[in-house]
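Here is a brisk report on one protein chain. Keep the sequence and the 3D view side by side as you read.

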Amino acid sequence: MAGWQKGKGWGWIWGPEDEIGALNAITAKSVLAALQLGKNGTVADLGVMVDRRSFRWAGHAPTEVMTYRTPHGERVVKDDVRGSNDPRWHSTAIFTCDNVGTHLDGLAHITVGTGGDTHWYNGFREQQHASDFGVLRAGADKFPPIIARGVLIDVAAFKGVDALPPHYGITPAELQQTLEWEKIELGLGDVVLVRTGTGRFWGETGGDSELLALHDTAGITLESAKWLVEQFGAILVGSDTSTVEVVPYEESVHVYLLVEQGVPLGELHYLEQLSKEEVYEFAYFATTNKIKGMAAGVAMRPVAIY
């Protein structure tokens, strides 16, 4: 794929107006190759269900679904329409955060620098490209539909545990050992999903925040992120946790992937079906919400086809 260099990765290579980073590497040829992986037509839903009680980081707003229109309410205010069988509607108003549930972090999600130098991917600056009504450049709404080869690195299964312990940092050596155990090789342009086992505790809507918060702190180290991008050319790195990276950390995986490399992060992917069926290679398909200015896709439903 054009632009990627082994030992260096991607970076700001697509021109000064680019807003999608490594996703530029998706081509008609790579899409067709990925689609060939859906050999059996089996689909795994990689999204988690959310509601007002779902686990989330404290800095993210909860989800509220509020009834906006009901048959009862219409009758009370005599909001009648024509029809012999008295047709009525339900509709809802939704308040949420763009980092709730399964989501892809857009390239404007995290910034570096101070004062007038505060910027994100490709040098887009806070003073010129941010507003009170969303980010103006490199938001998640800019992402194209993502269709690529997906690879599951099931570290929890490799280690024979339900879930990795709290604050467990996954090293490059462990990723390589897991891949060898799976008999899978990474390729240029892959979507890489790392399973810690945290997703097994999600339940219906992620209501057990205490248990989820305990295991949600396991994840890849900065060295692992660099290994995936600089040695293999991953175009998206995800996990079944809300951060992908180990917490706490000394150097941020988010800064490295989003700002420096232009590689989106995929957070809170549900990987239990793939793990149970021992599926490690598949066609990955995801689209973000077309809401202008969002810093991340929200409550998404990516799928794996195999």
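E278 is exposed, because its relative accessible area is 56%. Exposed means over 50% relative accessible area, buried means under 20%, and partly exposed lies in between (1.4 Å probe, protein chains only). E278 sits in the loop between α9 (272-276) and β13 (281-286). Its phi is positive, about 55°, although E278 is not a glycine.

This is a predicted model: local features need pLDDT of at least 70, side-chain atom pairs count only at pLDDT 80 or more, and totals for chains, interfaces and linings use all residues. Residues are numbered from 1 along each chain as its sequence is written, and side-chain values use heavy atoms, with hydrogens and water left out.

The predictor's confidence in each residue is its pLDDT, from 0 to 100. The mean for the protein chain is 96, and 100% of its residues reach 70 or more. Confidence is lowest in helix α2 (residues 71-76), at a mean of 94. It is highest in strand β9 (residues 191-195), at 99. Helices (H or I, at least four residues) and strands (E, at least two) are DSSP runs, numbered from the N terminus.

Helix α8 covers residues 253-261, and eight of its nine residues are buried. Its cover includes β4 (103-105), β10 (219-220), α7 (222-231), β11 (236-239) and β12 (265-267). S252 caps the N-terminal end of α8: a side-chain oxygen of S252 lies 3.0 Å from the backbone nitrogen of H254. Such a polar contact is a pair of N or O atoms within 3.5 Å; within protein, one must be able to donate a hydrogen and the other to accept it, and residues adjacent in sequence count only if both atoms are side-chain atoms. After α8 comes G262, with a positive phi near 70°.

Q261 belongs to α8. Q261 counts as buried because its relative accessibility is 5%. Its side chain reaches the backbone oxygen of K8 at 3.0 Å. Leaving out residues up to four places away in sequence, Q261 touches K8, G9, W10, G11, V229, E230 and Y256. Contact means heavy atoms within 4.5 Å.

**Two helix pairs**

Two packed helices are described by the angle between their axes and the distance between the axes. Axes are lines fitted to C-alpha atoms, for helices over the stretch in contact, and angles run from 0 to 180 degrees between N-to-C directions.

| Pair | Angle | Axis distance |
|---|---|---|
| α5 (residues 172-182) and α7 | about 50° | 8 Å |
| α7 and α8 | about 30° | 8 Å |

**Loops**

K183 lies in the loop between α5 and β9. K183 counts as exposed because its relative accessibility is 74%. Its phi is positive, near 65°, in a residue other than glycine.

P248 is in the loop between β11 and α8. The peptide bond from V247 to P248 is cis, with omega near 0°.
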